Every structure is written in C-alpha cells, then in structure tokens.
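Colleague: I have a few quick things to ask about this one, if you have a minute. Could you take me through it piece by piece?

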Amino acid sequence: MRTLLVTGPGGSGRTTVAAATAVAEAARGHRVQLISADRSGTFPRTLPGVDVARIDPAASFRADALEVQGRLGSVLGLFGATPLDPEELTELPGADALALLRALRDASLAEGDRVWDTVVVDLPPVHAALAVLALPEQLRRYLSRLVPAERQAARALRPVLAQLAGVPMPGERAYEAVSRADVELAAAQAVIEDAGTTVRLVVDPGAHAAEAVRQARTGLALYGHRLEAVVANRLLPSGSQDPWLAELSAQQHKELRALRAEVAGVPVHEVPHLGREPLGADALALLAVPAPGAAGEHGRHGKPWTVEDRLAAEGHFVWRLPLPGATRDRLDLIRRGDELVVDAEGFRRILPLPSALRRCTVAGAALRDGALTVRFEPDPALWPRS
C-alpha cells in the first residue's frame, strides 16, 4: 500500500489538493481511499473511484473511552470511581489526532475488497500534522516509562504484593490494556515509517511561501518523513491585461522561483487558480494535480540518523542527521541520559542513542550543508579497555 500524507501551511488549500490527488490516482485505475477529518462542510462526500473516509472524532472518542473504561473496570473500582455513561462523553482535545491515526492503521490492515493501492490522507497544517504523526512514537515512549516491561513481567507476583501492601493491585485487564494500546500504536507507527509513505506539501505561493516551506522541510526531516513533492496551489495565469491581476501574478511567480530554489531536487507541481472554489470531481480534475510520484524518489534510506565510526582514525563517532533549512540560531541540542533532545525551527524530537553512543560523551556538534553532525568520544569510565 502506498500512503500519501498531504499537509501545508494553514489556508494553502491542502484539503482540495488531497481530494484532487485522490481523483488523479483513481483515474489511473488504482484503488484509492481518501481519509479526511475536514469539518468545513465543503469537502466532497463522494468521488468517482475513491472511497472517501470521513473521520468522526466524537464517535471514535466515545467508542475508545467506553472500551478503555470496560477494560479498566477493576482499577476504576479500586479508586471508587463511578463509570461514565455514553451520553455524557464528549470528545476531548486531541480526539481528532487519535481518530486519524486509527483510520490510518485500519487502512493498512484492511482485507479483501478493502485493500487499497493508495491511501491519501488529508492532514492538518504542518505543525499540527507533525504532532499527529509523532504521537505513536511519543505515546509508546510514555507507556514504556510508566509501565516498563519488567513491571509487566512481574504480574505473577500480584497476589503476594497485594497481601504485603494491604490493597488490591492492578488487575490483568490493566496490563492487557497497556499491551493492546502499545500494539495499536505500533501498527500506526509502522504505516507512518513505512518506505511507501511520503509527504506532499501544499503551499499558496504568496509572500513568505519559501520561508514556510523551509521550516516545514526541517520539521519533516527531523522526524524522518520523505518529501515527495511540493504543490504550488492557486497560481494565477501570467500575461493578464488587468494591472492588478498582472502584478499579483508576477509576485506569485517571483515567490515560485524562490520556492524552487529552496527545495532544489524536489518536484514542484503548479496548480492553477480556477477562479472559483473547485467543488466536485469535475472541478478537481481540472486542477490537473499529478498522481503521486515514485515512493522512493525522495525517500528515507533506512533511519534518518546514520552513525559513522571514526574511532580508529580520529578517536570519535559522528552521528549525522539531514536537516535541510535548519538555522543555527533556531537549533538546540540536549543530552539527557541515553537520549538526545533536538530542537530545530520550533520542532522537537527525543531520539534514543544507539548502544555504542550511550557509552560516549558529546564532544561537539556542527550544522553544515543542511545536515547536523554530532561528535561522540568514548567515556573512559564506560568504554571497554582493549
């Protein structure tokens, strides 16, 4: 299955481009699903040859909450809690993100006539989209800290611990709920990190478009996402006799040149302004949005971080991460135990250190040619002596 994640700055028309991309892919004879959580009311309910999956975050939240409540019944009873009725459950902040991840996971696990060649996902604006895509990794990290494997392995000792403590211990269902949550999050994470998953970035080529794309590229690279293409949306035709339209078109094409220079090597697709809202399949087809390109064209080659062993020649290791668009004044690194916290252009990711680097100290870092390199030197107190 090929998964195309569509995002962009707010107001760039990413939802329309996502729908037009799905239409273009279906026209090639592929089985396509379009996933969207758009609530504007303008999103098409049906598209020829496309399975339109509109997410209902409120219904998804109620179902999840009731399921968790049922599985944690014994724990809730331990604290004297009264179970919630379905009628009093209203979605909380973050319900959209969880519903979107569940839909993405379900699409990858579909069978029979629900197996898709391509799944197009209409994501929120860039910062929110990256937060959604990072959730599985983050939540699994929290679960492993709160309920580590060794604590789960000690479940057989619960009766003894209960007698010693004098209070009931969490029941089997509590541990099962944690395990199930981890499995479901792992399935969503697998789709996001799959080699067939890429990102299409939609931008309105007005003022500061190139700057917005620069920051977005940094965030995408930090999380290891592959940028398949950039779509310059709502381009006005050049050569207009109207002075106002001619000036606006000239500004757009000037920004378009800056945009191409910023993403050199990444395809930039131009999508015209129709002069009206492109509603319906016919209007979406007029946009002539290209179908997704080759999955590996601008892809991640394994994990984004690579470690170079220069121990014999220079006495250190080098950990390298491509960060196109990153600037020194908006880049920060913190070593925290066995993890490295990276802040770049307002995006943050916590990365576990490879085992060899955990026994090293950070000797320095540099940002050159769109890549961050961190030098690690062996810690004499931890490094095995020859």
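**Strands, helices and one arginine**

Modeller: Let me begin with a strand pair: β11, which covers residues 339–344, is joined to β12 by six bridges, and the two strands run antiparallel. Please keep in mind throughout that this is a predicted model.

Colleague: Which residue of β12 does D343 stand opposite?

Modeller: D343 has R348 opposite it, in β12.

Colleague: And what is the order of the strands in the sheet?

Modeller: The sheet is an open one of three strands, arranged β10-β11-β12 with antiparallel pairing. Its edge strands are β10 and β12, the latter spanning 347–352, and each of these pairs on one side only. From one strand to the next, the twist averages 15 degrees.

Colleague: OK, which strands does helix α5 lie across?

Modeller: Helix α5, made of residues 126–146, lies across β10, β11 and β12, and it runs at about 30 degrees to β12. Helix α9, residues 209–222, also packs on the sheet, where it touches β11 and β12, and its direction makes about 15 degrees with that of β12.

Colleague: Staying with α9, how do its axis and that of α10 cross?

Modeller: Helix α10 consists of residues 243–262, and its axis and that of α9 come within 8 Å of each other, crossing at roughly 20 degrees. Angles under 35 degrees count as roughly parallel, so α9 is roughly parallel to α10.

Colleague: Is that crossing left-handed or right-handed, and which residues make the contact?

Modeller: The crossing of α9 and α10 is right-handed. On the α9 side the contact is made by A209, A210, V213, R214 and R217, while α10 contributes E255, A258, L259 and E262.

Colleague: Changing topic, where does R328 lie, and is it buried or exposed?

Modeller: R328 lies in the loop that runs between β9 (316–322) and β10 (331–336). Its relative accessible area is 61%, and because over 50% counts as exposed, R328 is classed as exposed.

Colleague: What is R328 in contact with, leaving aside its neighbours within four places in sequence?

Modeller: With those neighbours left aside, R328 is in contact with L367 and R368. The side chain of R328 reaches the backbone oxygen of L367 at 2.7 Å.

Notes: Residues are numbered from 1 along each chain as its sequence is written. This is a predicted model: local features need pLDDT of at least 70, side-chain atom pairs count only at pLDDT 80 or more; totals for chains, interfaces and linings use all residues. Side-chain values use heavy atoms; hydrogens and water are left out. Helices (H or I, at least four residues) and strands (E, at least two) are DSSP runs, numbered from the N terminus. Buried means under 20% relative accessible area, exposed over 50%, partly exposed in between (1.4 Å probe, protein chains only). Contact means heavy atoms within 4.5 Å. A polar contact is a pair of N or O atoms within 3.5 Å; within protein, one must be able to donate a hydrogen and the other to accept it, and residues adjacent in sequence count only if both atoms are side-chain atoms. Two strands pair if DSSP finds at least two bridges between them. Axes are lines fitted to C-alpha atoms, for helices over the stretch in contact, and angles run from 0 to 180 degrees between N-to-C directions. Angles under 35 degrees count as roughly parallel, over 145 as roughly antiparallel, 65 to 115 as roughly perpendicular and the rest as oblique. A crossing is left-handed if the near helix is turned anticlockwise from the far one by less than a right angle, and right-handed if clockwise.
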